Amino acid sequence: MRHDRLPDGFGVRIDPRVRAFSGGRILIGGSPARLLRLAPEAAAMIGDGYLEVTDQRSAGVARRLLDSGVGNPRPRLLPSPEQVTVVVPLRDNAAGLDRLLAGLSEHHRVIVVDDGSAEPVPAPEHRAAVTVLRHERALGPSAARNAGLRAAGTEYVAFLDSDVVPRAGWLEVMLGHFSDPEVALVAPRIVALDPKANALARYEHSRSSLDLGRREAAVRSNTVVSYVPSAALLVRRQALLDAGGFDEDMRVAEDVDLCWRLERAGRRLRYEPAARVAHDHRVSFRSWFARRRYYGTGAAPLAERHRELVSPLTLPAWTVLAAVLFASGTRLGAAGGFATLFAAGLRLRRALAGLDNPNRIAAIYVSRGFAAGVWRIASAVCRHYWPVTVLAVLASRRIRRVALLLAVGEGLVDWYTHYQRDGLDPVRYLAFKRLDDIAYGSGLWLGAYRARSAAALLPVLRFRMG
């Protein structure tokens, strides 16, 4: 792992969702939530929630805040956009390429990699800075991106698919993150190009799998932002070359694999929603459903490479035990559920020794953790494990009622959480959400069947409290 120092002037802002205790010496937050203890000198550096790097010691504290997830970077240095080459992998989408180039500055260096299009893509006559490379037969998007990566001569490379259009300022917002020498990859928020084309477009506007939301985050496995899609990325070229580029054997989920390999190599990755790139979503039902199912098939090859990270459901054992006991619907089960939560609270309280009112804080975080765990179970039952749920529904009337409650309740809460001003009404949103889950779950089980492996289906229980 590298230990390059953050430069002077680099800032870290404590995330607004983080809670400070004991005069700022104890911070609780991040994803997943964790407790960070700071020395009094370190706490004094943060002051009003902002730390500026001025020397070796403040650089170390800033790095710790970033790596724990309780702080977000506020860089002040900006590499020049002239140090960036834009790589566009392309196959049979000349119209999309024209639209993309129209959204880029004429000064951008652009490498178009034509991955076996039926009609070869000519170099645009009016764009001298555009170079076209061609594969005579389709080798896949990973191979196309790697070809562009090798051909680029700049320090940074932006990958843009031919069905996206960057918004103003997209590049400059992301470039600042590279003033941290450990950052290897930054991704923008991907929004809908035409959010009102039809009902499905309005659902995608609210719930696209490419849109990772409004909140900035470090990209880490087993967190809220565990990967970023390859439709739009900005990378440090040498870091990607050192990692071997994209895995050309993978035709799906190659972006997830890349993020996790970079993370394993000790690199930092960031999601920056202030930078926006619009994506031309699939809004015909057949192509949308097929794409969702295709995404699901990517879990099996990921499991071969990152077995411990691919599980569709990772939960603390106490959460599962309490949920099962409450779901029994008996007085004894309810008593056992509350006893399990109480025991988890006692264990957490020991970790909170030294805080003001540790009992209250432990109760709050155990309650939040249990609620989040139940939410993940409900989501997995409807999405990843729906074939099992259907069989259980056919076998038991009681399970049928519970499954119906979960399917409707989880979908409505999801609608409320992701609702956009011009989004769908809850009834149609719920219908699309369940179809979305059926498509992805079908691909998940199909991929497992083709791989002859259940690794991508197995839940993981954690027996240590974080």
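The axes of helix α11 (residues 317–327) and helix α13 (residues 358–382) come within 10 Å and cross at roughly 70 degrees, and the two helices are therefore roughly perpendicular to each other, a term used for angles of 65 to 115 degrees. This is a predicted model, in which local features need pLDDT of at least 70 and side-chain atom pairs count only at pLDDT 80 or more, while totals for chains, interfaces and linings use all residues. Residues are numbered from 1 along each chain as its sequence is written, and side-chain values use heavy atoms, with hydrogens and water left out.

Where the helices meet, Trp318, Thr319, Ala322, Ala323 and Phe326 of α11 are in contact with Val366, Gly369, Phe370, Gly373 and Ile377 of α13, contact meaning heavy atoms within 4.5 Å. By class, this contact has seven nonpolar, three polar and no charged residues, with Gly counted among the polar ones.

Elsewhere, an open sheet of three strands has the order β2-β3-β4 with antiparallel pairing, where two strands pair if DSSP finds at least two bridges between them. Because β2 (19–21) and β4 (34–37) each have a single partner strand, they stand at the edges, and one side of each is left without a neighbour in the sheet. Strand β2 pairs with β3 (residues 26–29) over three bridges, and Ala20 has Leu27 in β3 as its bridge partner.

A search of the whole structure finds zero disulfides, a disulfide being a pair of cysteine sulfur atoms within 2.5 Å.

Technical notes
Helix = DSSP H or I, 4+ residues; strand = E, 2+ residues; numbered from the N terminus. Axes fitted to C-alpha atoms, helices over the stretch in contact; angles between N-to-C directions. Parallel < 35°, antiparallel > 145°, perpendicular 65-115°, else oblique.
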